[in-house]
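Please look over the sequence and the model shown here, and then read the notes that follow.

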Amino acid sequence: MIVPDHVVVFDCEHLTERGAPGRFWCGPDDPDPLLVQIGAVRLSLAGDFPLEATFERLVEPVGRTGPVLLPAFFTQLTGITQERLSEEAQPLADALDDFAAFCGSAPIFSWGKDEITSLAPACFVAGLVCPLPASRFHNAAALLRASGEPLETVHGLRSHTIAAHFGLAPEKAHDGLGDARAVARALQHLLRGGALTPEMLGHP
């Protein structure tokens, strides 16, 4: 079995309003969960399992009838302002192509299923086909379960709480790159301790 040199851990931030997740985005003023930020980390599966590179893109959220302004709650939650978005955001297609290039042929993990909750809605609204097929993505929560963590513990963890669970220094919460780094560092911790093996990540 050939183990790849590395895996990619990513996280996304998408449009939300206060309480929208609990309403399943059914509120009359809830925005479509359009992609705004992708953050990713390349985690080596060799040596001391270093974090080799990072990736971040802001994405211009374009809805069914045109560009969408960031809700105040989203800015409060993520720290991403309309001004920063105006200066740095890319069109969705360009950001996805850049992300695909960063991932290469490596397995791709997120905490949960960000490819479904963030990438897919944006692609659907934009009428785009994601350059990375669904088969490329995997749920990092399954790795924690495989490492021996109790199921109820795994169910209670989030990308922004996982670092603290393992006694690791925190990353910036509700930030695509910060949350991706937090999950990657948790997997790194488990690899270094032997609870996970490179084969478990390289062939999920």
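## Cysteines

Cys 123 counts as buried, at 6% relative accessibility, where buried means under 20% relative accessible area, exposed means over 50% and partly exposed lies in between (1.4 Å probe, protein chains only). The sulfur of Cys 123 lies 4.7 Å from the closest cysteine sulfur, which belongs to Cys 130, and this is too far for a bond. A search of the whole structure finds zero disulfides, a disulfide being a pair of cysteine sulfur atoms within 2.5 Å. Cys 103 is likewise in no disulfide, since the nearest cysteine sulfur, that of Cys 130, is 9.3 Å away; Cys 103 is buried, with a relative accessible area of 1%.

## Basis of the model

The model is predicted, and local features need pLDDT of at least 70, while side-chain atom pairs count only at pLDDT 80 or more and totals for chains, interfaces and linings use all residues. Residues are numbered from 1 along each chain as its sequence is written, and side-chain values use heavy atoms, with hydrogens and water left out.

Strand β1 covers residues 6-14, and nine of its nine residues are buried; helices (H or I, at least four residues) and strands (E, at least two) are DSSP runs, numbered from the N terminus. His 6, Val 8, Phe 10, Cys 12 and His 14 point one way from β1, whereas Val 7, Val 9, Asp 11 and Glu 13 point the other way, and all are buried.

Two strands are said to pair if DSSP finds at least two bridges between them. With strand β2 (residues 35-44), β1 pairs in the antiparallel sense over nine bridges, and Asp 11 stands opposite Gly 39 in β2. With strand β6 (residues 108-110), β1 runs parallel and is joined by two bridges; here Val 8 stands opposite Ile 108.

## The largest pocket

The largest pocket holds about 680 Å³ of space, a volume being the space filled by probe spheres set on grid points that are joined across faces, edges and corners. On a 1 Å grid over the protein atoms alone, a pocket is an open set of points where a 1.4 Å probe fits, with protein on both sides within 12 Å along at least five of seven lines, and lining residues have an atom within 4 Å of a point. Of the 26 lining residues, the closest to the pocket centre are Cys 12, His 14, Asp 114, Arg 158 and Ser 159.

β1, α1 (72-78) and α4 (114-126) each supply at least two residues of this lining, and the largest share, four residues, comes from β1. By class, the lining has nine nonpolar residues, ten polar and seven charged, where Ala, Val, Leu, Ile, Met, Phe, Trp, Tyr, Cys and Pro count as nonpolar, Asp, Glu, Lys and Arg as charged, and the others, Gly among them, as polar.

## Salt bridges

A salt bridge is a side-chain nitrogen of Lys or Arg within 4 Å of a carboxyl oxygen of Asp or Glu, and by this rule the count comes to eight. The side chains of Asp 48 and Arg 192 meet in one of these, at 3.1 Å from N to O. This pair links distant parts of the chain, 144 residues apart, with Asp 48 in the loop between β2 and β3 (51-58) and Arg 192 in helix α8 (residues 176-193).

Asp 30 forms a salt bridge with Arg 23, the closest N and O atoms being 2.6 Å apart; Asp 30 is buried at 13% relative accessible area, whereas Arg 23 is partly exposed at 35%. Glu 88 and Arg 84 also meet in a salt bridge (3.2 Å, N to O), and both lie in helix α2 (residues 82-88), four residues apart, about one turn of the helix. Glu 56, Arg 84 and Glu 88 are linked in a network of salt bridges.
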